[in-house]
Amino acid sequence: MAVRIFLPIIVAFTFFFLSYSSDPTSLQDFCVADFQGPVKVNGFTCKDPTQVNANDFLFSGLHIPANTANSVGSNVTHVFVDSLRGLNTLGIGIARIDYAPYGVNAPHIHPRATEILTVLEGSLLAGFVTSNPENRLISKVLQKGDAFVFPMGLIHFQKNIGNTNAVAIATLGSQNPGVIIVANGVFGSSPPIPADILSKSFQLDEKTVLELQKRL
Ligand SMILES: *[C@@H]1O[C@H](CO)[C@@H](O)[C@H](O)[C@H]1NC(C)=O
């Protein structure tokens, strides 16, 4: 009798916890990435903790300006798990962004992270666009010392609106936030998205679509 009553309750509770639990928090101090680990997991397997040293937690060089002599006039130096193995499982990353005068960090998305951008030098116009159906542009001119948030998954951009170089530090809520540059993703995929699809979607003639695909 007791079993007939309690068993369904236990089963129900088990499924409740299986379906409503979220990612567990860390069960250890750190898990320095072992890039050679044979097991493919969501992230990287851990280096033997007794073999870990201070350099596993260090990235040097964020003081060095990157070369912005390119078509957009900006350059991002990422510090994610691939260049700082101690970030594995910790849920954060950082980047330095250099902007030439009037340089643009083109509209892009981080599929796995919210970002907070802090301006160290110069003035930037920063903005993001809300999802459908509003597609509202929320933008702001940022000065040195300002911090601005780009919510996870939304298209965002920055432009240096000054005639001197600008520098910002971006902190992101993932060891591997991912980047989708909208122009490259749409017009620069390999193989290309068929031109008739982009023509209808962007209301452009196919010649213009092919021209954009050639450039990107
Ligand atoms: C970004 O800067 C680095 C270091 O200066 C340089 O090696 C790289 O080619 C630059 N990337 C682009 C896209 O300009």
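Trainee: Is Phe59 buried, partly exposed or exposed, and what do the words mean?

Mentor: Buried means under 20% relative accessible area, exposed over 50%, and partly exposed in between (1.4 Å probe, protein chains only). Phe59 has a relative accessible area of 28%, so it is partly exposed. This is a predicted model, in which local features need pLDDT of at least 70 and side-chain atom pairs count only at pLDDT 80 or more, while totals for chains, interfaces and linings use all residues. Residues are numbered from 1 along each chain as its sequence is written, and side-chain values use heavy atoms, with hydrogens and water left out.

Trainee: Where does Phe59 sit, and which residues is it in contact with, leaving aside neighbours within four places in sequence?

Mentor: Helices (H or I, at least four residues) and strands (E, at least two) are DSSP runs, numbered from the N terminus. Phe59 is in the loop between helix H1 (2–20) and strand E1 (74–79). Contact means heavy atoms within 4.5 Å. With neighbours within four places in sequence left aside, Phe59 is in contact with Val79, Ser83 and Leu84. Phe59 and Leu84 are 25 residues apart along the chain, and 6.0 Å separates their C-alpha atoms.

Trainee: Why does Ser174 count as buried?

Mentor: Ser174 counts as buried because its relative accessibility is 11%. Its place is the loop between strand E9 (166–172) and strand E10 (180–181). Beyond neighbours within four places in sequence, its contacts include Phe80, Ile92 and Arg112.

Trainee: Which backbone atom does the side chain of Ser174 reach?

Mentor: A polar contact is a pair of N or O atoms within 3.5 Å; within protein, one must be able to donate a hydrogen and the other to accept it, and residues adjacent in sequence count only if both atoms are side-chain atoms. Here the Ser174 side chain reaches the backbone nitrogen of Asn176 at 2.9 Å.

Trainee: Which residues are around the ligand?

Mentor: A residue is listed if one of its heavy atoms lies within 4 Å of the molecule. The residues around the ligand are Ala66, Asn67, Asn70 and Asn75.

Trainee: In what order do the strands of the open sheet run?

Mentor: Two strands pair if DSSP finds at least two bridges between them. Five strands form the open sheet, in the order E6-E5-E8-E3-E10, with antiparallel pairing. Strand E6 (137–142) and E10 are the edge strands, each pairing on one side only.
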